[in-house]
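User: I would like to go through this model and ask, term by term, what stands behind each label.
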Amino acid sequence: METPPSGAILDVRSQQAPGGRLYRLDRELGRGAQGTVMLAQRMDPNDPGATYAVAMKFIDPTDMQADTGRELAGLRGKVRRAILPAPMETARWRTRLLRRPRETPVVIQGYAPGPDLAALHETKHGGTPASLTETVTVLAQVAGTLKDLHAQGRVHQDIKPENLIGTRQESGSRSAYLIDWDMCAPDGTMGGAGTPLYMAPEALAMDRITGKCDVYALGMTAVTIATGTNDRGFPQNVTEHWPQMAMLFNGKPPVRQTGHPYLDLTLARATDSDHRQRSDALDLMTDLAPMALTASPTSYSAADRTACANRLVERASDPQRRHLLLDGLAARALSSALPDDSPSQAALVALAQATKPVCDAWVAQHGDPGATLDHRQEQQPAPATPALAEPLPRRWP
Ligand SMILES: Nc1ncnc2c1ncn2[C@@H]1O[C@H](COP(=O)(O)OP(=O)(O)O)[C@@H](O)[C@H]1O
Ligand SMILES: [Mg+2]
């Protein structure tokens, strides 16, 4: 795959702009398995002062079909904080040494000014771990993005720190934008694609994937950015490392914890190996409410708050899905975040009342989940990956 060099002028022709548009390549933003992403400036020959930045992804044309790009572009405006690619286009470019112009397929997408969360928070990429307030903000925002995406019947399949850009708003607050839509697929597709370290057991086993695979990956992402490392003895190269993988299927993934008791309960539910027990994006938003409504109140729209309240009431009446503490504390937080005349208010108050003894006792011991976020204890060293005693099963349950 040939990527034009920095400084190259690209003439991009597409169905939307058959006459071509000019872009100047600035610098490399990142390089992954799929291709290279470059920062480029759109140039308007009629107005030389007016340029705006885009991210251009140069990929092997077989990796992303043009109609996939068109479908993804159709998600624009429907998914919050998502940097969605335009359909694939063709760029002509030449260098001083090359007489004949080259043609390269390119995908143009919005530029999110900011490093990705791996660069920001993973120590092996030179970052520093996120505070728990930042971690909860990322979780709440990306859970909202996923809720919208899953409502469109699509699974991203590659949620991880590298694919989230941390952009600082003018107000100083941070927003996490989701990029890298190369593997986005319809719900129910057979799994197997993604980054093993973040993949849910059913995705690793190449069973059917659902939005819950993204929720699992988001839970793993949160642990990674909060601890600064994804070194859980679970390597990237799947096929050479079946022993570590098998642990996931045994229901005991060596998940590290963040050290915050309420956040860890939330993450345990979001990364449950059994997808039937696992949170979906709305469950995760609901469980996060006691922390997120303090740490990042703008992450929840009024509609989100109502949706969480409804989910909570629904969940509380199902003994299989009930969790007295999480449900009770979420009921408290949502009840104060919703107007008094909200239709779910009575049910929230009743739920908070019914769970009061459990919640009060827990809060007396651990403190209020939203108020204790940045009182994190010293990190415990992660336990070494245990050796696998049994031979590997051929097929997983
Ligand atoms: N729209 C964008 N704005 C800013 N940086 C980006 C953008 N798209 C990609 N990048 C950077 O380039 C890296 C690789 O891009 P990505 O689309 O994830 O490609 P790959 O499929 O190779 O992983 C990202 O991790 C990020 O650092
Ligand atoms: Mg990527």
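User: How should I read the numbering and the model itself?
Analyst: The model is predicted, so local features need pLDDT of at least 70 and side-chain atom pairs count only at pLDDT 80 or more, while totals for chains, interfaces and linings use all residues. Residues are numbered from 1 along each chain as its sequence is written, and chains are lettered from A and ligands numbered from 1 in the order in which they are written.

User: What makes Arg81 buried, exposed or partly exposed?
Analyst: Arg81 has 18 other C-beta atoms within 10 Å, so it is partly exposed. It lies in the loop between helix H1 (66-73) and strand S5 (89-93).

User: How do you know that S8 and S9 pair, and in which sense?
Analyst: Two strands pair if DSSP finds at least two bridges between them; strand S8 (residues 164-168) and S9 have five bridges, in the antiparallel sense. Ile165 stands opposite Tyr177 in S9. The two strands, S8 and S9, form a hairpin with five residues between them, and Gly172 in the turn has a positive phi of about 100°.

User: Why is S9 called largely enclosed?
Analyst: Four of the five residues of S9 are buried, so S9 is largely enclosed by the rest of the structure.

User: Which residues is Val142 in contact with, leaving aside its neighbours within four places in sequence?
Analyst: Contact requires C-beta atoms, placed from the backbone, within 7 Å, and with those neighbours left aside Val142 is in contact with Leu164, Ala176, Leu178 and Leu218. Val142, in helix H3 (residues 132-151), is buried because 30 other C-beta atoms lie within 10 Å.

User: How many residues surround ligand 1?
Analyst: Counting a residue as near when its C-beta atom, placed from the backbone, lies within 6 Å, 21 residues surround ligand 1, and Asp180 is among the closest.

Key. A residue is buried if 20 or more other C-beta atoms lie within 10 Å of its own, exposed if 12 or fewer, and partly exposed in between; C-beta atoms are placed from the backbone. Two residues are in contact if their C-beta atoms, placed from the backbone, lie within 7 Å.
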